[in-house]
Amino acid sequence: MARFVIRRLLQSAVVLLGVTLVVFLLLQLVPGDPVRVALGTRFDPQTYEALRARAGLDQPLAVQYFDYLRRALTGDLGVSFRSGRPVTAIVLERLPATLSLAVTAVVFALVVAVPLGIVSAIRSGSLVDHAARVFSQFGVSVPDFWMGIMGILLFSGVLGWLPPSGYVALTDDPGRWASHVALPAVTVGLVTASILTRFIRSSMLEVLSEDYVRTAEAKGLRTRVVVSRHVLRNALIPVVTVVAVQLASLLGGVIVIEVLFAWPGIGRLTYDAVAARDYPVLQGAVLLVAALFLLVNLLVDILYARLDPRITVR
Amino acid sequence: MSRTRFRLAGATIALMLAAVAGCSGGEGVDVDGNDTAGAGGVLNAAIGGEPDQLDPHKTSAYYSFQVLENVFDTLVEPDANLEMKPALATEWTTSEDQLTWTFTLREGVTFSDGSPLTADDVVYSYNRIIDEKLNNAYKFGTVKSIEATDPKTVVVTLTAPTPNLLANLGGFKGVAIVQKANVESGEITTKPVGSGPFAVDDYSSGDSIRLVRNDNYWGEKPQLDGLRFTFVSDPTVALQNLRGGEVHWTDNLPPQQVPALLDGDDPSVRSVPSTDYWYLALNQARKPYDDVNVRRAVAFALDREAITKAAKFGLATVNQTAIPQNSAFYYEYAPYTHDVSQATQLLDQAGVNGLTMDLMVTSEYPETVTAAQVVASQLAAVGITVEIRTLDFAQWLDEQGAGTFDSFMLGWLGNIDPDEFYYAQHHSDGTFNFHEYANPDVDRLLDQARTETDQAARKQQYEQVAKQIVDDASYIYLYNPDVAQGWSKQVSGYEVRTDRAIRFRDVALAR
């Protein structure tokens, strides 16, 4: 087990190194000059050169990259072009907002999708099944920003139950945090729930047609027991992976939703950094997201071995 | 195993329900920031985006200046009519040869941390901008030296007479007086120390900036206890925040709703003509746009009223010169009527037909994208096919710098003195002359007016410049937009300014 974890961590380090290189090179291909954006329309060649030198952009690319790597190893991800603040601090202070939004959204999605998927599979072809399929079709096809705006107009505009946007830290005031996170989390969660419902339904249907399920039924076990003891345990194993992938991608920040709801997370940071061509912040954000993704996947692999005795980690 | 999982799911459902119950407790929407409020209250302002940083000398973002307007001071500052009035300097004298300006500083001014603000701080601030070649260094182009002869006196020596020196030193907070210790500690980017009516208390990245009243402020004490700026980029959401009471003030209103909002009284929405202008520029380094007849043809082909209606929902004043009507430098001149036959005739004279013109606009300023559609259909009527390219601003600026465009549309914001915008955009050495206009007469007039100390003569020179630029169609000016801002009924004493400076020092909040 320990050897497995160590090996995976080493692999992750190599992946992260690759990520830094790919991101660095991709950014060079993107048109747009951060110094020009920083100066805006009041352009002056002298100021331009001075700012370029201060940002280190006058150095050759290879020098810029290896400089970046050398400092990244010590946890220093450079300094933002826009604000002049350390990237490590900027990225880390955005993490709690994104984490709390992602986790709430996934919890909401599970609460909706697990019962819906199960019932829809067991009662395949029933009214509930049809309703579930319409719901999941709706969730995956309607754009989330539109759902977000509709949610704001309804719950904040017409009903006045929830604030339309903004953020309060969970640690500052859990009640106000909950009222602020509700709309964005439900908006994001609906999409995730739609995906999960479909997945759970088909995974359940697959297991339901297995021989051992027929055997269990033939033994005379009641449907509820068959489902909870035999079907669910097996059907939910692949679901863990899907949930993990969903969670990991939400941790990357839900850009449109964070921008819409003025949510100070990684997604909004990335959006602003792209617009300003703030390369150091963009690199830092991508690196953090990649690291989180690898971490979640590692945890899933370990969890797998615990859930399914047929799988062992070595 | 499955039982544990179900118990876990049950617990989460219970938690979720508790959370939802907790937030729909029936009191409606809570107002942020009230927890720190005293007698004067904390005003919540929603601005359209996050400042890049709070160092006034290094930022160029309007979002930053919306906050910094309330934190910093300049030697002089524009009043409601954009005339320069005393601020940190109470009076100033000019030498006979116009090359030495002596400013007397106000008694007893301190920074918000209580340390005194002296002539040395003024010298430090200006030298910082000049020596480090910061964004506004060009405003000090004619400055030879800045000296503090005593703690209350600053002497600025010039290489040439500079009639608009006051506008350069006080037009906006980009030339504010900063504190050396604050700069050297690096805190100025997130926790700047100024001498203005409010002081930065807390900057929560991505979320909000809190200001508190500066009790050391030299002017009349603000009534508010503080300000809280939040960053709401979606105008529908910002308006919803204003209506719901979460926000007391915003300038991020959905443009299509502003005409209707102007009629209501809650929220109060006001709009005034701004000093900004929006224009179309044709690249004179490319054929056939080097031919004045082609440029004039385009000018005649445009229906400015229709463009304004589409891009600004009518909230703008059409104008064929740069300078808005409320400016002292306004010059009434509008030779281009919407005239298709005139335009076609001019194109024939130039021997141009079947022209395809590339028009570069940017999603950073959505009104350029909307206006471009109208421009395209109007030019189609005279046989010019417009290919619109919508770019993000970074790429747009890149292409503008490289000159890889036939035409572009953009605006120029917060204009006070004509030297600043005319010189940069229409002098053949101008730093913003990307469309490569060159007219020796205009160059000569611009050089002359730059150092002309007789105000009447100077105004006349700029009128000649304005006329020539319009006749040459160097830029095809379109309109001066209005600036619209909205605030809740609780807010009193707020005035919308034509230069878009957001001043909350005289505002009160009823509760």
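Predicted model: local features only at pLDDT ≥ 70, side-chain atom pairs only at ≥ 80, totals over all residues.
Residues are numbered from 1 along each chain as written, chains are lettered from A and ligands numbered from 1 in written order, and side-chain values use heavy atoms, leaving out hydrogens and water.

Aromatic pairs are rings of Phe, Tyr and Trp (its six-membered ring) with centres within 6.5 Å, called stacked with planes under 30 degrees apart, edge-to-face over 60 and tilted for the rest. Searching the whole structure turns up 34 such pairs over all chains. One of them is the tilted pair of Trp412(B) and Phe432(B), at 4.7 Å centre to centre and 55° between the planes. Trp412(B) sits in strand S17 (residues 407–412) and Phe432(B) in the loop between helices H13 (418–426) and H14 (440–451) of chain B, so the pair ties together parts 20 residues apart in sequence. Helices (H or I, at least four residues) and strands (E, at least two) are DSSP runs numbered from the N terminus.

Then there is the sheet. Strands pair given at least two DSSP bridges, and four strands of chain B make an open antiparallel sheet in the order S4-S5-S7-S6. Its edges are S4 (89–94) and S6 (143–150), each pairing on one side only.
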